[in-house]
Amino acid sequence: MEDTFPGVEELEPRFSIKHKFKNEMTYRLIYLYTLEITDDSLLKNHRFKGGKLWTVHQIEQNIDKWIFGECFTEEFDYLKDIIYIKEIYKDV
């Protein structure tokens, strides 16, 4: 994390799942980590230039428009569950 967010120590990626993604051309073992960022000023880093952050609502509106890769599309329902559970228990 130090390479991506220099000087920020409190960011801690959390392991979520390990799964296999397979289609006609690809076979990958995916390790999915999530990172909760409460200060979006961290994302104004030069390493993210040209990237886009998407809200869950924006992703849902565009998920069937071939904007996202097949692997992300398949794991998006799981990501929504992670977000929902984190929101429920974030103040506990």
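Here are some questions and answers about this predicted model.

User: What share of the residues in the protein is buried?
Analyst: To count as buried, a residue needs under 20% relative accessible area. The protein has 92 residues, and the buried ones make up 23%.

User: Is T34 buried or exposed?
Analyst: First find T34 in the model: it sits in strand 2. Its relative accessibility is 15%, and the cut-off for buried is under 20%. So T34 counts as buried.

User: Which residues does T34 touch, not counting residues up to four places away in sequence?
Analyst: Let's take R14 to begin with: it is 20 residues away from T34 along the chain, yet their C-alpha atoms are separated by 5.3 Å. R14 is one of the residues that T34 touches.

User: Which residue has a positive phi although it is not a glycine, and is it buried or exposed?
Analyst: That's W66, with a phi of about 60 degrees. Look for W66 in the loop between helix 1 and helix 2 (70-89). Its relative accessibility is 79%, and exposed means over 50%. So the residue is W66, and it counts as exposed.

User: How far apart are the closest N and O atoms of E60 and K80?
Analyst: These two residues form a salt bridge. E60 lies in helix 1 and K80 in helix 2, so the pair ties together parts that are 20 residues apart in sequence. Their closest N and O atoms are apart by 3.4 Å.

User: How are E60 and K80 classed: buried, partly exposed or exposed?
Analyst: The partly exposed class lies between the buried cut-off of under 20% and the exposed cut-off of over 50%. E60 has a relative accessibility of 38%, and K80 has a relative accessible area of 26%. So E60 counts as partly exposed, and K80 is also partly exposed.

User: Which residues are linked in a network of salt bridges?
Analyst: The count of salt bridges comes to two. One joins E60 with K80, while the side chains of D77 and K80 meet in a salt bridge at 3.5 Å, N to O. D77 and K80 are three residues apart in helix 2, so about one helical turn separates them. The network links E60, D77 and K80.

User: Which residues gather in a patch of negative charge on the surface?
Analyst: Let's look at one of them, D39, in the loop between strand 2 (27-34) and helix 1 (56-62). At 39% relative accessibility, D39 counts as partly exposed, and residues in a patch need over 30%. The patch is made up of E9, E10, D39 and D40.

User: How much of the accessible surface of the protein belongs to carbon and sulfur atoms?
Analyst: The accessible surface of the protein comes to about 7900 Å². The part of that surface belonging to carbon and sulfur atoms is 52%.

Conventions
Residues are numbered from 1 along each chain as its sequence is written. This is a predicted model: local features need pLDDT of at least 70, side-chain atom pairs count only at pLDDT 80 or more; totals for chains, interfaces and linings use all residues. Side-chain values use heavy atoms; hydrogens and water are left out. Patches are made of residues with over 30% relative accessible area and no salt bridge: like charges are joined within 9 Å, nonpolar side chains (Val, Leu, Ile, Met, Phe, Trp, Tyr) within 5 Å. Accessible areas come from the Shrake-Rupley method with a 1.4 Å probe; for residues, only the protein chains shown count as cover. A salt bridge is a side-chain nitrogen of Lys or Arg within 4 Å of a carboxyl oxygen of Asp or Glu. Lys and Arg count as positive and Asp and Glu as negative; His and the chain ends are not counted. The place of a charge is taken as NZ of Lys, CZ of Arg, CG of Asp or CD of Glu. Helices (H or I, at least four residues) and strands (E, at least two) are DSSP runs, numbered from the N terminus. Buried means under 20% relative accessible area, exposed over 50%, partly exposed in between (1.4 Å probe, protein chains only). Contact means heavy atoms within 4.5 Å.
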